[in-house]
Structures are given as structure tokens and as C-alpha cells.
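Please take a moment to look over the sequence and the fold shown below, and then follow the text from the whole chain down to single residues.

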Amino acid sequence: MKRAWTCCGISLLWLGLAVPGIPLFAEDASVVESSPSVETAFEPKTADEGFHQFETFMRDPNNPLPIAERLTRGIAMLDTLWGIDSDVEFKRKLIWTRFSLRMGQARTGNEMSIETLLSELNAYSQHEEPKVALTAKDARMTLELMLVREKSDQERLTLVQNMQEEIEAMDVSPASAKLAMTLARNLSTVVDDKSAARIADELSLHFAKSDDAELQHVSEDLKGFSRMINLNGHQMRIAGKTLEGKELAWESLRGKIVLVDFWATWCGPCVAEFPQLKQLYKAYHEHGFEVVGISLDDAKADVQQFVTDRELPWIIVCNAEGDDYNGFSDANARYYGINAIPQMIFVGKDGIVQATDARGEKLALLLAQAFPDVEAPELESEEPAAEQE
């Protein structure tokens with residue numbers, strides 16, 4: 001399922017800067033309306049009208065202002081929009097938009113932008129509307145987890161443990177669960193695997209105390225994060241139906257090298273892996289290499305058409321069914337806490353996972369080591385693209 005601006009995993013697309021789902025710069029100038037003059041007063045009559053003007057101003061390829069000044073003007077426009085009567089969802093969108101613009105200022109050398117953003121998020125976290133306050137707290141946690149990556153291991157662990165304690169001190173509710181999921185998604189990039197798995201497990205047990213179905217679901221997802229963190233050196237299980245409608249015979253693949261690829265047709269970084277993967281598959285398949293692609297698409301028809309068009313030769317598992325299916329609800333994805341793709345997992349002949357990040361050059365190296373007597377194909381060296389949520 002494609003995620004919108006509410007996703008806490010911030011995509012910084014424009015100069016590394018854009019709110020998810022809100023492209024601030026046009027890819028095609030022909031589709032952008034003329035931007036209002038930079039001297040024109042910003043006095044929108046409604047919130048939606050104002051946000052449209054804001055987007056036009058930020059995306060206009062003919063805007064003469066330097067990037068730094070455009071960001072400053074954009075934030076001033078957001079200040080105006082905040083004061084206009086609007087609903088909760090609009091306020092939440094403004095928070096994440098401000099997040100991206102302040103990050104943009106930091107990228108352009110504004111040393112005070114991060115401290116200013118923290119102060120703004122602290123203020124918004126006191127908002128009278130609980131959902132708005134929660135969004136601000138979520139954004140603040142995301143920012144703090146980004147910033148602490150530059151700190152020492154002990155400082156990282158201390159911050160994460162403090163966040164865990166704050167979450168567990170809150171009522172067991174959808175609000176505290178939201179913050180727990182944000183923390184869990186970032187654990188493996190902030191602390192060591194042992195600490196990350198322990199914290200995810202403890203949070204899972206915390207929410208398992210509730211009888212609420214939604215919170216039980218969160219508990220299961222948190223346990224999935226722990227499984228993924230601990231997956232190296234252990235066996236994994238995969239189940240589901242192939243595109244042909246047959247049950248995947250996972251155990252029949254024992255004795256082969258298997259790449260398990262969680263992907264989706266709409267995921268650019270996933271698709272970018274395929275040209276190299278097809279070369280590797282061609283070189284190693286007859287020697288005992290198999291790929292099991294697990295589609296996280298919402299509709300099976302999309303996957304079938306994509307596989308036909310792209311001539312993907314390996315096994316595709318697709319559990320999509322019904323009109324309201326959410327690809328990320330795939331049982332395999334939930335069991336292993338998959339929240340960003342591609343996730344490419346390298347499984348040895350003995351069924352033991354050897355790597356959970358087998359992309360690009362690393363995949364080629366792993367295969368060369370697994371099949372030393374096979375001539376490795378010549379591949380173009382490319383950095384793996386960023387994951388999508």
C-alpha cells in the first residue's frame with residue numbers, strides 16, 4: 001500500500017526535502033500553474049486555497065528566489081495557514097510539511113532550524129486536539145531519533161530507553177501504540193541488534209496486555225520487528241500462494257540458495273533491483289539459486305501484468321485478494337515486521353539466513369561466495385536506491 005504524508009518515515013525528495021506525498025517541486029514545468037509574485041501578499045480565504053498557493057509557490061521552476069529564501073517564505077506561509085480555521089487532518093499535514101521545510105533549512109546551512117523545529121513540535125504537542133498533539137509528538141520522536149545517530153552508542157541507548165519508559169508510562173492506547181511503532185521502526189538504525197530486539201519484545205509484551213484488537217495487532221507487529229532483527233543465523237518461514245494459485249512449497253527449496261525479496265510494483269527501488277537480479281538469476285539459477293518474490297501489492301492483477309511485462313522468471317508469491325486488501329498486511333510481511341521495501345533476505349542451502357540486506361553489490365558478492373566455481377557475471381556498479389515505506 002502506498003503511504004501518504006501521515007507516514008512517519010520522512011521522504012526528503014527535493015534536495016533531500018519533501019513531505020511524503022507532497023511534491024514541492026514540479027517534475028514537469030508544463031503542469032505547474034504560474035506562481036504568485038514573490039511580492040504578493042499571502043492572504044488565502046480558506047486553508048485549502050492557501051495550501052494550494054503554498055504548493056504552487058514552492059514548486060514553481062521559475063521562482064527567482066534562492067532556495068534558502070524560498071524555504072523561509074514557505075515557512076511563513078505555513079504560519080499563516082496554521083492560524084486559519086481547518087480540520088485535524090489539515091493541521092497534521094502542516095506539521096509534517098513544516099518538518100520537511102525545517103530539514104531543508106538545515107541542509108542549506110541554517111544552524112538554528114533544527115532547534116527551532118524542536119521548539120515548534122514541543123508547542124504543537126500541547127495542542128488541544130489529541131490527534132494533532134500526537135502527530136507533533138511522533139514528529140519530535142522521529143527527529144530526535146534522526147539526530148541521535150551522530151551521538152555515542154551509550155547516548156543512543158539512553159535516548160531509546162527513555163523513550164520506551166515514556167511510552168510504557170502512558171495509557172495502553174492507540175496513541176502510545178503509534179509512538180511505540182515509530183520507535184520500533186528506528187531501533188535497528190540507532191542501537192545494537194541485541195538491544196533493539198529486547199526493546200521491541202518488551203514493547204510487544206506491553207501492548208499484549210490489552211484486550212483491544214487494534215492493540216493486539218500492534219503487539220504482533222512489534223514482535224515482528226524483533227524477529228527481523230534476530231533473523232540472521234536463524235531459519236525463516238514463508239507461506240502463501242504463487243501467482244499460479246499454488247501453495248508455495250517452501251521446504252522443497254532446502255538445498256538451494258534462496259533470495260526472499262519483499263517488493264511491490266509501485267516501489268521504485270524494488271524495480272531498480274530487477275535488471276541486476278535478472279542477470280544474477282540467469283548466471284546462478286541452474287546451479288541452485290532461486291528467488292522468491294513476495295509481492296506487497298494491493299491487487300493481484302497489477303502483479304500479474306507487471307510480471308508479464310517485465311518477464312520476471314522467478315517465483316512470485318502474492319496473497320492479495322478482495323477489493324480492500326492492504327499489501328503490507330501480507331502474513332509474511334507482518335510476521336517479520338516488514339515496513340519498508342525492498343527487503344532482500346539471503347538464505348543458505350541449510351535454510352539459515354545469512355543476510356537481511358542482500359541488495360546490489362552485496363547480493364552479487366554473496367552469490368559469488370556461495371558458487372565459487374561459477375563464473376560471476378559482469379555487473380554495473382550502482383548504489384542501492386533508498387527503501388520505500
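Among the contacts in the protein chain between residues at least 6 apart in sequence, 69% join residues that are at least 24 apart. What you are looking at is a predicted model, and its protein chain contains 13 helices and 5 strands. Of the 389 residues of this chain, 49% count as buried.

Helix α2, which covers residues 67-82, packs against helix α3, residues 88-107, at an angle of about 160 degrees, and the two axes are 10 Å apart. Because angles over 145 degrees count as roughly antiparallel, that angle makes α2 roughly antiparallel to α3. The crossing of α2 and α3 is left-handed. On the α2 side the residues that make the contact include Leu71, Ile75, Leu78 and Trp82, while on the α3 side Phe90, Leu94, Ile95 and Leu101 are among them. Taken by class, the residues of the contact of α2 with α3 divide into 9 nonpolar, 5 polar and 4 charged.

The contact of α6 with α8 has 6 nonpolar, 4 polar and 3 charged residues.

We can now turn to the strands. Strands of a sheet pair through backbone hydrogen bonds, and they can do so either parallel or antiparallel. Here an open sheet of 5 strands has the order β3-β2-β1-β4-β5, and its pairing is mixed. The edge strands are β3 (315-317) and β5 (353-355), each of which pairs on one side only, and from one strand to the next the twist averages 30 degrees.

Which sense of pairing joins β1 to β2, and over how many bridges? Strand β1 (residues 257-263) pairs with strand β2 (residues 289-295) in the parallel sense, over 7 bridges, and in this pairing valine 260 stands opposite valine 292 in β2. Strands β1 and β4, by contrast, run antiparallel and are joined by 5 bridges, with glutamine 343 in β4 as the bridge partner of phenylalanine 262. Strands β4 and β5 also run antiparallel, joined by 2 bridges, and here valine 347 stands opposite valine 353 in β5. The hairpin of β4 and β5 has 5 residues between the strands, and within this hairpin glycine 351 takes a positive phi near 85 degrees.

Is strand β4 largely enclosed or open? Since 5 of the 5 residues of β4 are buried, the strand is largely enclosed by the rest of the structure. Gln343, Ile345 and Val347 point one way from β4, whereas Met344 and Phe346 point the other way, and all are buried.

Finally, some details of the backbone deserve attention. Most residues other than glycine have a negative phi, and most peptide bonds are trans. Isoleucine 341 and proline 342, however, are joined by a cis peptide bond, with omega about 5 degrees, and proline 342 is found in the loop between α12 (331-335) and β4. Glutamate 311 is a residue other than glycine with a positive phi, near 55 degrees, and its place is in the loop between α11 (300-310) and β3. With a relative accessible area of 59%, glutamate 311 is exposed.

Leaving aside its neighbours within four places in sequence, lysine 278 is in contact with Arg310, Glu311, Leu312 and Trp314. Lysine 278 and proline 313 are 35 residues apart in sequence, yet 7.9 Å apart in space, C-alpha to C-alpha. At 30% relative accessibility, lysine 278 counts as partly exposed.

Terms used
Residues are numbered from 1 along each chain as its sequence is written. This is a predicted model: local features need pLDDT of at least 70, side-chain atom pairs count only at pLDDT 80 or more; totals for chains, interfaces and linings use all residues. Side-chain values use heavy atoms; hydrogens and water are left out. Axes are lines fitted to C-alpha atoms, for helices over the stretch in contact, and angles run from 0 to 180 degrees between N-to-C directions. Helices (H or I, at least four residues) and strands (E, at least two) are DSSP runs, numbered from the N terminus. Angles under 35 degrees count as roughly parallel, over 145 as roughly antiparallel, 65 to 115 as roughly perpendicular and the rest as oblique. A crossing is left-handed if the near helix is turned anticlockwise from the far one by less than a right angle, and right-handed if clockwise. Contact means heavy atoms within 4.5 Å. Ala, Val, Leu, Ile, Met, Phe, Trp, Tyr, Cys and Pro count as nonpolar, Asp, Glu, Lys and Arg as charged, and the others, Gly among them, as polar. Two strands pair if DSSP finds at least two bridges between them. Buried means under 20% relative accessible area, exposed over 50%, partly exposed in between (1.4 Å probe, protein chains only).
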